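Biologist: I would like to go through this model with you, one region at a time. Shall we begin with a helix?
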Amino acid sequence: MMCDAVAAIEQAQTVAPSADLAGAYAELGGLLGIAGLRRIGESLLRRAIEVGEASGASPAEAYAHPINSLYAVGVGNWRIGERSAELAQRLFVPLGDWVNWGNAQAVRFWLNHHQARNEAAESVARALQDRAQKTGNRQHQSWALRFLALCDLRRQAAESAVERLEIALECLGDSAARNDQIPTLGALALARLHMGRVGAGRATARRGLELVSGVKLPLIHSTLEGYAALAEVALGGWGEALDAPYWRREARRAIRGLRRYRYAFPIGEPYYHLWRGRYLALSGRRWLAARCFRCGRDAAMRLGMVNYESRCAQALAELSL
């Protein structure tokens with residue numbers, strides 16, 4: 001992908017600013033940012049927007065903003081992410097491009113969700129659902145259902161979450177990519193567990209954890225809640241189930257997934273430290289667990305992720321009892 005993006009830039013630079021050049025800069029910038037070369041990546045993303053604006057054509061500017069907003073959410077730059085997502089949607093409407101409008105709407109959901117703006121997140125998810133039903137976009141229908149289920153879980157409405165997530169899996173079908181299956185299965189496993197359907201929840205978690213083992217480096221930030229949910233279910237299994245050794249191994253697998261995730265996306269930092277801390281506490285290593293909870297709390301505070309700041313602080317307080 002990087003080689004193709006560089007080749008596209010070389011070719012497109014020979015002519016006037018265009019959608020192709022803006023898109024190539026955006027793709028390469030996003031990839032380099034995820035690979036850890038954030039300064040270079042962010043510079044290319046800014047260049048993509050400049051080229052799009054200089055071209056004087058709406059499509060050129062529109063297609064640079066979704067990648068910029070997607071990247072910004074992964075690093076916790078909420079202001080830039082929100083601005084780019086809203087600009088993209090404003091440009092996509094007259095173009096009649098409802099697919100990319102829906103992609104930007106998904107970014108807006110995560111912007112609100114990670115900052116614990118729960119009512120706004122639910123409103124965005126419902127708008128995505130309404131649009132997806134009109135266009136017949138099954139992937140967007142699935143996303144909207146998963147987003148609404150995450151809202152349900154935050155207000156402890158597990159039964160409603162299970163219902164939505166089961167429909168979401170049907171929308172995805174058998175050909176769904178890991179990036180869609182992992183977060184859906186993870187949330188469904190956790191929701192079933194919260195309903196008291198322990199066996200069904202753990203069986204669903206097994207399916208999700210098998211998929212996690214095949215991911216070397218997460219490339220999409222929307223899988224984060226899936227990794228965290230799978231870690232939570234696995235840790236519960238280790239503490240309670242007859243096959244505790246299996247769940248201990250699977251908890252390690254889920255936490256390794258979160259560790260890989262945070263290398264690409266800083267918003268994974270509070271999640272990783274919370275669930276690694278929970279693992280260490282169950283292992284009897286309370287001092288190390290406390291250090292993890294503090295690191296997670298501080299990272300969440302830096303990023304403005306108030307939900308995980310509270311969860312890490314609560315875990316630290318429980319450890320002190």
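This is a predicted model: local features need pLDDT of at least 70, side-chain atom pairs count only at pLDDT 80 or more; totals for chains, interfaces and linings use all residues.

Biologist: Which residues of α9 are buried?

Modeller: The buried residues in α9 are A158, A161, V162, R164, L165, A168, L169, C171 and L172.

Biologist: And what do the buried residues of α9 pack against?

Modeller: They pack against three helices: α7 (118-135), α8 (138-154) and α10 (178-195).

Biologist: What follows α9?

Modeller: G173 follows α9, and the phi of G173 is positive, near 75°.

Biologist: You mentioned α7. Where is R131, and is R131 buried, partly exposed or exposed?

Modeller: R131 is in helix α7. Because its relative accessible area is 23%, R131 falls between the 20% and 50% cut-offs and counts as partly exposed.

Biologist: Which residues does R131 contact, leaving aside its neighbours within four places in sequence?

Modeller: R131 is in contact with W98 and W101.

Biologist: Changing topic: where is S222?

Modeller: S222 is in the loop between α11 (198-212) and α12 (224-240).

Biologist: Does S222 count as buried or exposed, and why?

Modeller: S222 counts as buried because its relative accessibility is 11%, and the cut-off for buried is under 20%.

Biologist: What does S222 touch, not counting residues up to four places away in sequence?

Modeller: S222 touches W110, R146 and P183.

Biologist: One last region. How do α14 and α16 pack, in angle and distance?

Modeller: Helix α14 (residues 269-282) and helix α16 (residues 306-320) pack at an angle of about 20°, and their axes are 10 Å apart. The angle is under 35 degrees, so α14 is roughly parallel to α16. The crossing of α14 past α16 is left-handed.

Biologist: Which residues meet there?

Modeller: From α14, P270, Y271, L274, W275, R278 and A281 meet Y308, R311, C312, A315, E318 and L319 of α16. By class, this contact has nine nonpolar, no polar and three charged residues.

Definitions and conventions
Residues are numbered from 1 along each chain as its sequence is written. Side-chain values use heavy atoms; hydrogens and water are left out. Buried means under 20% relative accessible area, exposed over 50%, partly exposed in between (1.4 Å probe, protein chains only). Helices (H or I, at least four residues) and strands (E, at least two) are DSSP runs, numbered from the N terminus. Contact means heavy atoms within 4.5 Å. Axes are lines fitted to C-alpha atoms, for helices over the stretch in contact, and angles run from 0 to 180 degrees between N-to-C directions. Angles under 35 degrees count as roughly parallel, over 145 as roughly antiparallel, 65 to 115 as roughly perpendicular and the rest as oblique. A crossing is left-handed if the near helix is turned anticlockwise from the far one by less than a right angle, and right-handed if clockwise. Ala, Val, Leu, Ile, Met, Phe, Trp, Tyr, Cys and Pro count as nonpolar, Asp, Glu, Lys and Arg as charged, and the others, Gly among them, as polar.
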